[in-house]
Every structure is written in C-alpha cells, then in structure tokens.
Amino acid sequence: MRELDRLLERWLEQGWRDSPTPEREAFLRLLDSEDDRLWKWFLGHETPDDAALDALVQRIRALPH
C-alpha cells in the first residue's frame with residue numbers, strides 16, 4: 001500500500017537516525033507484518049500484542065506530516 005509506504009518512509013527520514021537499537025529492531029519486526037494488519041494498527045482499529053511494536057506504531061502515527 002502506498003499510504004503505508006509513506007508512513008514508514010516518513011519514520012525512516014525523521015526517526016530512524018535518533019532511534020535506539022531496540023526501537024530499530026521493533027521497526028524491522030514491523031516490516032514483517034502483513035499490510036492489512038499494519039493498516040489496522042495505523043488507523044487505530046487494532047493494536048499490536050507486542051508492546052514495543054505498539055509504541056513504535058504510536059510514535060510513527062504522531063510524526064508531523
């Protein structure tokens with residue numbers, strides 16, 4: 001999905017560089033998730049069971065556009 005790509009690219013541009021190693025690891029796990037699941041997480045319809053993934057999703061959602 002192009003929309004997901006934009007969200008994830010925005011985080012790479014704005015957050016990756018200052019991100020601690022555990023958050024980077026969570027991002028790599030996030031990339032392994034199915035698009036349908038990611039979309040539900042980013043829209044706030046569901047939350048990941050993994051607390052680190054949930055925190056990262058929230059951080060990405062809060063990034064300025």
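Buried residues make up 32% of the 65 residues in the protein chain. The model is a predicted one. Its secondary structure is quickly told. The protein chain has four helices and zero strands. Along the sequence the pattern reads α-α-α-α. The radius of gyration is 11 Å, close to the 11 Å that the globule rule gives for 65 residues, so the chain is as compact as a globular protein of that length. The C-alpha trace spans about 30 × 25 × 20 Å along its principal axes.

Helix α1 covers residues 2-14. Helix α2 takes in residues 21-31. Helix α3 runs over 35-43, and α4 over 51-62.

Now turn to the charged pairs. Side chains of opposite charge can pair when their charged atoms come close. How many salt bridges does the structure hold? The count is three.

Start with E23 and R59. Their side chains meet in a salt bridge, at 2.3 Å from N to O. E23 lies in helix α2 and R59 in helix α4, so the pair ties together parts that are 36 residues apart in sequence. Is E23 buried or exposed? At 16% relative accessibility, E23 counts as buried, because the cut-off for buried is under 20%. R59 has 31% relative accessibility and counts as partly exposed.

Next come R29 and D50. Here the side chains meet in a salt bridge of 3.0 Å, N to O. R29 sits in helix α2, while D50 is in the loop between α3 and α4, so this pair ties together parts that are 21 residues apart in sequence. R29 is partly exposed, with a relative accessible area of 35%. D50 is partly exposed too, with a relative accessible area of 28%.

The remaining pair is K40 and E46. Their side chains meet in a salt bridge at 3.8 Å, N to O. K40 has a relative accessible area of 36% and is partly exposed. E46 counts as partly exposed, at 33% relative accessibility.

Stay with the loop between α3 and α4, which holds D50. P48 has its place in that loop as well. At 8% relative accessibility, P48 counts as buried. What separates P48 from R37 in sequence and in space? The two residues are 11 residues apart in sequence and 8.7 Å apart in space, C-alpha to C-alpha.

Finally, look at the surface. Which residues gather in a patch of negative charge there? They are E3, D5, E9, E13, E34, D35 and D36. Helices α1 and α3 each supply at least two residues of the negative patch. Helix α1 gives the most, with four residues. One of the patch residues is D5, and D5 lies in helix α1. At 43% relative accessibility, D5 counts as partly exposed.

Helix α2 holds E23, which pairs with R59 of helix α4. Helix α2 also holds R29, whose partner D50 is in the loop between α3 and α4. Helix α1 gives four residues to the negative patch.

Technical notes
Residues numbered from 1 in each chain as written. Predicted model: local features only at pLDDT ≥ 70, side-chain atom pairs only at ≥ 80, totals over all residues. Heavy atoms only, no water. Patch = residues over 30% accessible without salt bridge, like charges linked within 9 Å, V, L, I, M, F, W, Y side chains within 5 Å. Areas by Shrake-Rupley, 256 points an atom, 1.4 Å probe, with all protein chains shown as cover. Salt bridge = Lys/Arg side-chain N within 4 Å of Asp/Glu carboxyl O. Lys, Arg positive; Asp, Glu negative; His and termini not counted. Charge placed at Lys NZ, Arg CZ, Asp CG, Glu CD. Buried < 20%, exposed > 50% of the residue type's maximum accessible area, 1.4 Å probe, protein only. Rg over C-alpha atoms; globule rule 2.2 N^0.38 Å.
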